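Dear colleague,

Here is the structure, as promised. My notes on its packing follow below.

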Amino acid sequence: MCDLAAENTVENSLTGSKNVSVDKCMKCGNLPVVIIRVNDAFCRECFLAYFNHKFRATIGKARLIRDGEKVALAASGGAASCAMLHLTHEGLSPTALKKIRFLPGIIYIDEGAVLDMSWKDRILVTKKILAMFKSFKFPCFFSTLEKVFRVGDSGVKVYAAGPSEAKDDNIMGPLTDPQAEEKLRSLIKNTSTLTAKEGLLRQLRKKLLLHIAQEEKFTKLMFAETGDRLSIRVLSNIAQGFGASLAQDTGFSDGRYSEVMQLRPMKDFRAKEVAAYLRFSDVEYITLPTLTTMAPTQASIDRLTEAFVLGLQHSFPSTVSTICRTAAKICPAADMDQNSQDCCVMCEALLDTSVTGISALQSSNFSHHLTEQEPSALECMADSSCCKNSDKTCDSSSCVFSANDLSNELCYGCRLILREIDNIESLPVEILRLAQRRRNRHKMKNDIQEYLLDDE
């Protein structure tokens, strides 16, 4: 996509040699200002109408959102999320031809602790982002990423920011939690590779967003992931062992979480289209650093995949759309039980590790078993005091929870992340409790298996 503010001739990016003369908008015939694809030129008004229609059509044709339903919009303050907020706001305006009928709300997660930002800098960034969100007039809820360590413990504190509170110097005061912040920093520090850090951060962020959405009675959660980002995710997820859940991770909807469904209404948009929309609509956004900011191309699998896909897209403009269309055709394996209760305790994907016989998975597990050190272990984290009963109904050995026990409750991709974490004690308590509870249930079922009746 090219901006034609200064010239109206663009080189054909498909062949690199043929010049295509574009002198009028394909809709109204006026002078074009932007080219989406070769020979698809738009003036400013037609481009904005096309962009809004495409967003509403993506939501409408799925028919997953009912009238009056509460929908949360996950926003980071970046370009794509601000475009999604503005499109939703435009869809609710009285002049909109086809109004959006759901009730939107904003959820923002501050991740300054991961980037070693000072508390003062985190407050400044949060105030700036909330000031941008103020213009949309949506209910806004925000928290800090370290609060993921309070899920299932003492509760997650969520701050509901009103329009007049964006300038409050103590706006993040109620969210202060030095203990949880130190746990998050320790977890990132104990993770050896940057690839594992990015994957772990993505899982923690999603877990906290879904928890807040559920607590605030939202039934849908929208992410502003564009086609560029999803095409990169397709290849990087396969490389990192998340191929079994590829359809859920990159599709329009993800219903793995029973209480809150995830939606991706921006999946058909290119990043350059989003940039043009923000420019023509005068929408503000902020660019925040990430773990891979200023990092070399080989720093992580995600970073390397991004450079590969975007470089290929520059020479072959259909690269992103081809990857996304191919990923849309992928479905879970036929031998995976879609109604199974055995899901990964970290990402909630169906377990893809129940492979029998000789396989690449078994070979990888055997190689890891030969080279691993003595696994770290945790004491019993059960809610009840089973080990302290007077009749000693369970011995201490069965209540020791090791990294191998946790690994058995994870999908293959999350297992690879776990291998890069030096100490499992640094993981959120809720993940460890859920894994140990499932381990105990499996053990109990195996103990009484001979007394159970067959389903037939």
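The largest nonpolar core has 51 residues, of which Leu221, Leu406 and Leu427 touch the most other members. A nonpolar core here is a set of buried Ala, Val, Leu, Ile, Met, Phe, Trp, Tyr and Cys residues joined through side-chain atoms within 4.5 Å; buried means under 20% relative accessible area, exposed over 50% and partly exposed in between, with a 1.4 Å probe and protein chains only. Helix 5 contributes the most to this core, 9 residues. Helices are DSSP runs of H or I with at least four residues, strands are runs of E with at least two, and both are numbered from the N terminus.

This is a predicted model: local features need pLDDT of at least 70, side-chain atom pairs count only at pLDDT 80 or more, and totals for chains, interfaces and linings use all residues. Residues are numbered from 1 along each chain as its sequence is written, and side-chain values use heavy atoms, without hydrogens and water.

A second, separate core of 48 residues includes Val71, Cys82, Phe138 and Met266.

As for the rings, the whole structure holds 9 aromatic pairs (Phe, Tyr or Trp rings, the six-membered one for Trp, with centres within 6.5 Å; planes under 30 degrees apart are stacked, over 60 edge-to-face, the rest tilted). Phenylalanine 42 and tyrosine 50 are stacked, 5.2 Å centre to centre with 20° between the planes, and both residues are buried. Phe42, Phe47, Tyr50, Phe51, Phe269, Tyr277 and Phe280 make up one aromatic cluster.

Regards
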